[in-house]
Amino acid sequence: MTDHENSKTKEIFMAGWKGHCPRCRQGRMFRTWLKIQDRCEFCDLDYRFAAPDDGPAFFSLCFVAFPLLFFVVWLQVALELPVPLVFAIAIPLMGIGCLLPLRPIKGWLVASQFLNQAVEAGTEKLWSEMHARENIAKNPNNLEIS
């Protein structure tokens, strides 16, 4: 891995972990816990490119829920706990364990999309047309179509 790739990876993880703008690293990426800003308040980065979709939930389930599930099963088998106690331990553990990493994962995906200039194949024209219609709807006096 080259130094450029290492620095790019570090930038992606730091922007995602801290929830900062991937371009200027000063603005906030999130408006609320999981809602992405429309634009960066410092560098005016338009976040409409960001489409993490179900990625954060998928990665949270794969990397958090499965290990926690194996831990809960081990706990049940090794300690022979009563089933209601296992549920009392497992449900909060799984809920909190899966919800907490959603924001950093979503931030990592958005920062990765920006820094890698990720665009779905064949959809660039569709996105630009959709954004042009959205811009006209927001500001009907400005009839300039990009």
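A residue counts as exposed when its relative accessible area is over 50% and as buried when that area is under 20%, with partly exposed in between. Trp 17 has 59%, so Trp 17 is exposed. The model described here is predicted.

**Helix 2**
- Helix 2 runs over residues 55-79, 25 residues in total.
- Helix 2 has a kink of about 35 degrees, centred on Leu 61.
- Glu 80 follows helix 2 and has a positive phi, near 50 degrees.

**Buried residues of helix 2**
- The buried residues are Gly 55, Pro 56, Ser 60, Val 64, Ala 65, Leu 68, Val 72 and Leu 75.
- Residues three or four places apart on an α-helix point the same way, because there are 3.6 residues a turn.
- Helix 3 (83-99) and helix 4 (102-115) are among the elements that cover the buried residues of helix 2.
- Ser 60 is part of helix 2.
- The relative accessibility of Ser 60 is 1%, under the 20% cut-off, so Ser 60 is buried.
- Leaving out residues up to four places away in sequence, Ser 60 touches Ala 65, Gly 97, Cys 98, Pro 101, Leu 102 and Ile 105.

**Nonpolar cores**
- Nonpolar side chains tend to be buried together in soluble globular proteins.
- The largest nonpolar core has 9 residues: Cys 21, Met 29, Phe 30, Ile 36, Cys 40, Leu 45, Tyr 47, Ala 50 and Val 110.
- Ala 50 contacts Ile 36, Val 110 and Gln 113, setting aside neighbours within four places in sequence.
- A second, separate core has 5 residues, including Val 72, Leu 75, Leu 81 and Ala 90.

**Aromatic pairs**
- The whole structure holds 7 aromatic pairs.
- Trp 17 and Trp 108 form a stacked pair, with 6.2 Å centre to centre and 20 degrees between the planes.
- This pair links distant parts of the chain: Trp 17 lies in helix 1 (residues 3-18) and Trp 108 in helix 4, 91 residues apart.
- Trp 108 has a relative accessibility of 24%, so Trp 108 is partly exposed.
- Phe 58 and Phe 59 form an edge-to-face pair, with 5.3 Å centre to centre and 70 degrees between the planes.
- Phe 59 is partly exposed, because its relative accessibility is 30%.
- Phe 13, Trp 17 and Trp 108 are linked by ring pairs into a cluster.

Terms used
Residues are numbered from 1 along each chain as its sequence is written. This is a predicted model: local features need pLDDT of at least 70, side-chain atom pairs count only at pLDDT 80 or more; totals for chains, interfaces and linings use all residues. Side-chain values use heavy atoms; hydrogens and water are left out. Helices (H or I, at least four residues) and strands (E, at least two) are DSSP runs, numbered from the N terminus. The expected span of a helix is 1.5 Å times one less than its number of residues. The bend at a residue is the angle between axes fitted to the seven residues ending there and the seven starting there. Buried means under 20% relative accessible area, exposed over 50%, partly exposed in between (1.4 Å probe, protein chains only). Contact means heavy atoms within 4.5 Å. A nonpolar core is a set of buried Ala, Val, Leu, Ile, Met, Phe, Trp, Tyr and Cys residues joined through side-chain atoms within 4.5 Å. Rings of Phe, Tyr and Trp (its six-membered ring) pair if their centres lie within 6.5 Å; planes under 30 degrees apart count as stacked, over 60 as edge-to-face and the rest as tilted.
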